[in-house]
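This report describes selected sites in one protein model. The sequence and structure are shown first.

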Amino acid sequence: MVYSLPSLPYTYGALEPYIDTLTMEIHHSKHHQGYVNNLNKALEGYSELQKRPLEELLKNIPSLPHDIQIAVRNNGGGHYNHSFFWKVMTAKGSEKPVGALAEQIDRDFGTFDVFKDQFITTAKSVFGSGWAWLCLNNNGDLTVISTPNQDSPLMQGFKPVLGLDVWEHAYYLQYQNRRPDYITAWWHVINWEQAEQNYRELL
Ligand code: MN
């Protein structure tokens, strides 16, 4: 097994009342574990690929053997996205970004509220299953994008700073069809310090 499920940096109940314990437990121990298992299965017999960093595989899906491209895209993307997602949440969430990231959000969006509106609108508008992201683009500008399914921003040349899972499995037990309520609640558990660290590592 090349890949394994990372531990959460908090307990399953830590994000209550915004994200419920059972959702976190199933999301992490079943959904994320499933992506890890299927990624390992896809890479069985490809010892060269097993040695390459996951990021490199995701940036170069079209160069992979044809028979594993879809499996790596879906499950490698799923493993990468979820590993990223757990870290940008915390029980000690704050509503606004800090430091250099806060400065560039103001520079690229005008104000924090403009960014927040854009992010929330994008997250609400994802059709079906997918993700909303704050990313750096190739010009070094911050931009809000969405990705379908488990596609990673890396596949489109973007580098993620903050991401939100809007698959129904991320919120349905607590919020049923009310994705906007989940997005509003999620805003209370954003780990802006981690987002800023992600941002600094990309500079
Ligand atoms: Mn998910």
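## Asparagine 149

In this predicted model, asparagine 149 is placed in the loop between β2 (142–148) and β3. With a relative accessibility of 40%, asparagine 149 counts as partly exposed, because that class covers the values between 20% and 50%.

Once its neighbours within four places in sequence are set aside, asparagine 149 is in contact with Ser129, Gly130, Trp131 and Trp167. Computed along the sequence, asparagine 149 and histidine 28 are 121 residues apart, and their C-alpha atoms are 17 Å apart in space.

## The manganese site

The manganese ion has His27 (NE2), His82 (NE2), Asp165 (OD) and His169 (NE2) as its protein donors, which lie 1.9 to 2.1 Å from the ion. Along the chain, these donors of the manganese ion follow the spacing H-x54-H-x82-D-x3-H. Distant parts of the chain are linked by one pair among them, since histidine 82 belongs to helix α4 (residues 69–87) and histidine 169 to the loop between β3 (159–165) and α7 (172–175), 87 residues apart.

Histidine 82 is buried, its relative accessible area being 0%, and histidine 169, at a relative accessible area of 18%, is buried as well, because the class takes in values under 20%.

## Glutamine 104

Glutamine 104 is found in helix α5 (residues 99–109), where a relative accessible area of 4% makes glutamine 104 buried. Apart from its neighbours within four places in sequence, glutamine 104 is in contact with Leu136, Gly140, Asp141, Leu142 and Tyr199.

Definitions and conventions
Residues numbered from 1 in each chain as written. Predicted model: local features only at pLDDT ≥ 70, side-chain atom pairs only at ≥ 80, totals over all residues. Heavy atoms only, no water. Donors = N, O, S within 2.8 Å, 3.2 Å for Na, K, Ca; no water. Helix = DSSP H or I, 4+ residues; strand = E, 2+ residues; numbered from the N terminus. Buried < 20%, exposed > 50% of the residue type's maximum accessible area, 1.4 Å probe, protein only. Contact = heavy atoms within 4.5 Å.
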